[in-house]
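Please open the model alongside this note and check each point as you read. Take the points in order.

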Amino acid sequence: MKLELPQIITQIDDDLHLCDEKSWQKDLREVITKPEQLLALLDIAPDEYLQHFKARSLFPVRVPMPFIKRMKKGDFDDPLLKQVMPLTNEFKQTEGYTLDPLQEHDTVAEGLLHKYNNRVLMIVKAGCAVNCRYCFRRHFPYEDNSPNKKRWQSALHYIAENSSISEVIFSGGDPLMASDEHLKWLVEQLEQIPHVTRLRIHTRLPVVIPNRVTKSLVTLLKNTRLKPVMVLHINHPNEIDSELISALEPLRAARIPLFNQSVLLKSVNDNAQTLIKLSETLFDAGIQPYYLHLFDAVQGAAHFDVSEQEAVEIANSMLANLPGFLMPKLVREIAGQANKTPINLA
Ligand code: SF4
């Protein structure tokens, strides 16, 4: 019997499941790193796609099995597959697209970016469980910003010295690539800095490996004196399945706000119908739609770009069909600006 989302949520209310760290680390060890393996798992004959495989040299392939299980077999145009499949297009040099579109390569301390007035972004862990081909950090020099407890000291010192900083954003890579023990240590250090009051975690990991929502992670976020917020990254409604909903339930039960940001991506979600369904499915899963980002002009991924004019048309169509609280803000990030820039829908 196929369960509808509200039924699934009711069912898991009675049966919260929480994993230990071994489960997600096993999923992480089993990520698919070869395009031929990926296509084989989807019953797609590789012959006509062989030319694309070499694009993995520009940005490695990494796709966890729980994410692959949500793709449609036999369909090279599956919107989830498109986000992770290397293509020859990535070799194309496009004018106006750069290696560092948000000019993030300049850190104020090792692994620390101070882009916004009262918030800092901490590169908690280099690398991600999934490598999204459109990622604006696909050229980020993680090797120079690969943190550990010793290296975090200068970042913590910078935060302690700047009393205007009230919010720390854990970023990466993906910050949840760090072990719960490391996260706990880091949260404890931040708790000792009185002016830091909020902790935001930007992550895609629970989306691609739902087992990442462990008992120790939930306990950490439940017990910290900092006000935690989790911002997920989901681009398409097909990314949300019962496994993900079930995994997020302990966070919802602990009253940790869950938000979502998406990127508007050509041939993945560049139509109002898909994005309306995404907002509705997010809401059913207890996640608040938050931002819809225009693509950041990173070199090697220009084929994902959607023009601002098309984006405005899509957003207006969403506005006409969604209640206001399900409408994500259409924004662009401009390097050097102290906040995201809302796009005028008029
Ligand atoms: S999870 Fe986020 S940071 Fe990692 S590759 Fe995807 S978009 Fe980039």
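The points below go through a predicted model, starting with the sheet.

1. **The sheet as a whole.** Begin with the strands. There are 9 of them in an open sheet, and their order is S1-S2-S3-S4-S5-S6-S7-S8-S9. The pairing is mixed. Find the two edges next. They are strand S1 (112–116) and strand S9 (341–342). Each edge strand pairs on one side only. As background, strands of a sheet pair through backbone hydrogen bonds, either parallel or antiparallel.

2. **S3 beside S4.** Strand S3 covers residues 167–172, and strand S4 covers residues 198–203. The two pair in the parallel sense over 4 bridges. Glu167 has Arg198 of S4 as its bridge partner. Ile169 stands opposite Arg200 in S4.

3. **S4 beside S5, and S5 beside S6.** Move along to the next neighbour. S4 and S5 are also joined in the parallel sense, over 6 bridges. Look for His202, which stands opposite Val231 in S5. On goes the pattern: S5 pairs with strand S6 (residues 258–263) in the parallel sense, over 4 bridges. Here Leu232 stands opposite Asn260 in S6.

4. **How covered are these strands?** Is S4 enclosed or open? Of its 6 residues, 5 are buried, so S4 is largely enclosed by the rest of the structure. Strand S5 (residues 227–233) is mostly covered, with 5 of its 7 residues buried.

5. Ile201 lies in strand S4. Is Ile201 buried or exposed? Count its C-beta neighbours inside 10 Å: there are 24, so Ile201 counts as buried. Which residues does Ile201 touch, leaving aside its neighbours within four places in sequence? The contacts are Phe170, Pro175, Pro228, Met230 and Val231. For a distance check, take Ile201 and Gln103. They are 98 residues apart along the chain, and their C-alpha atoms are separated by 21 Å.

6. **Two helices side by side.** Two packed helices are described by the angle between their axes and the distance between the axes. Apply that to helix H7 (residues 180–191) and helix H9 (residues 215–223). Their axes come within 10 Å and cross at roughly 10°. That angle is under 35 degrees, and H7 and H9 are therefore roughly parallel to each other. H7 contributes Asp180, Leu183, Lys184 and Val187 to the contact, and H9 contributes Ser216, Leu217 and Leu220. By type, the residues of this contact divide into 4 nonpolar, 1 polar and 2 charged.

7. **Another residue of H7.** Gln189 has its place in helix H7. Now compare sequence with space. Gln189 and Leu156 are 33 residues apart along the chain, and their C-alpha atoms are separated by 7.6 Å.

8. **Around the ligand.** Which residues surround the ligand? They are Cys128, Val130, Asn131, Cys132, Cys135, Arg137, Gly172, Gly173, Asp174, Arg204 and His233. This shell divides into 4 nonpolar, 4 polar and 3 charged residues.

9. **A cis bond in the shell.** Gly172 and Gly173 are both in the ligand's shell. The peptide bond from Gly172 to Gly173 is cis, with omega near 20°. Gly173 lies in the loop between S3 and H7. Keep the general rule in mind here and in the next point: most residues other than glycine have a negative phi, and most peptide bonds are trans.

10. **Two positive phi values.** Please look at two loops. Asp43 has a phi near 55°, a positive value in a residue other than glycine. Asp43 lies in the loop between helix H3 (35–41) and helix H4 (65–68). It has 9 C-beta neighbours inside 10 Å, so Asp43 counts as exposed. Ser267 is not a glycine either, and it has a positive phi of about 65°. Its place is in the loop between S6 and helix H11 (272–284). Ser267 is partly exposed, with 13 other C-beta atoms within 10 Å.

Note on methods:
Residues numbered from 1 in each chain as written. Predicted model: local features only at pLDDT ≥ 70, side-chain atom pairs only at ≥ 80, totals over all residues. Axes fitted to C-alpha atoms, helices over the stretch in contact; angles between N-to-C directions. Parallel < 35°, antiparallel > 145°, perpendicular 65-115°, else oblique. Contact = placed C-beta atoms within 7 Å. Nonpolar A, V, L, I, M, F, W, Y, C, P; charged D, E, K, R; others polar. Near = placed C-beta within 6 Å. Pairing = 2+ DSSP bridges. Buried ≥ 20, exposed ≤ 12 C-beta atoms within 10 Å, placed from the backbone.
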